[in-house]
Amino acid sequence: MSILDACNICTRIALLISGPCTIGPGQIVGLPLGETMRTFIDINENNNNNRHQKAARKFYDGIEARLSQKHTLDIWAFGLDQYGMVEMKDMAAKSGGIIAMHELFSHFIFDSSFTMHYGAN
C-alpha cells in the first residue's frame, strides 16, 4: 500500500485468500491447532473464542481507509471455512470492489467469473 500511495496512482487490487489469518494484526484465530475457529454464535455473543475480532477489525478498517481514497480491492475467497470476511468485507465494499466466494479456485464458475471480471483473454 505504501508503494502505491507514493506513486500517486489509482489501482485495482485482487486479493485471493483461503484460510484464516493466524499471525499479525489481522489474525482472527491463533496459530495453535488446539484453538478452535470461531462460529457465528461466537461472533454474536462476542465470547472468548472471538477474542481476535476487535483488533483484526481495527487493522482492516485502517487498510479500508487508505484504499477508499484511490484504490479498489476485490476479494476472491475460496473454501468453506472461515477466513475473516466479517473483518475484511468493508475493504471491498467501501472501495468499490467485489467479493466472490466459492469452494475451489479451480472450479469453472470461479474461473469464468475471474476471467470475465478482469477481461483476460
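Okay, let's start with Arg51, which makes a salt bridge with Glu35, and the closest N and O atoms are 3.2 Å apart. Arg51 sits in the loop between α2 (40-45) and α3 (53-70), and Glu35 in the loop between β1 (11-17) and α2, so this pair ties together parts that are 16 residues apart in sequence. By salt bridge I mean a side-chain nitrogen of Lys or Arg within 4 Å of a carboxyl oxygen of Asp or Glu. Helices (H or I, at least four residues) and strands (E, at least two) are DSSP runs, numbered from the N terminus.

Quick caveat: this is a predicted model, where local features need pLDDT of at least 70, side-chain atom pairs count only at pLDDT 80 or more, and totals for chains, interfaces and linings use all residues. Residues are numbered from 1 along each chain as its sequence is written, and side-chain values use heavy atoms, with hydrogens and water left out.

Now look at Arg57. Its side chain meets Asp61 in a salt bridge at 3.7 Å, N to O; the two are four residues apart in helix α3, so about one helical turn separates them. Arg57 also pairs with Asp90, at 3.4 Å, N to O. That one links distant parts of the chain, with Asp90 in helix α4 (residues 85-93) and Arg57 in α3, 33 residues apart. Salt bridges with shared partners join Arg57, Asp61, Asp90 and Lys94 into one network.

Buried or exposed, where does Asp90 fall? Buried, at 16% relative accessibility; the cut-offs are under 20% relative accessible area for buried, over 50% for exposed, and partly exposed in between (1.4 Å probe, protein chains only). Arg57 is partly exposed at 26%.
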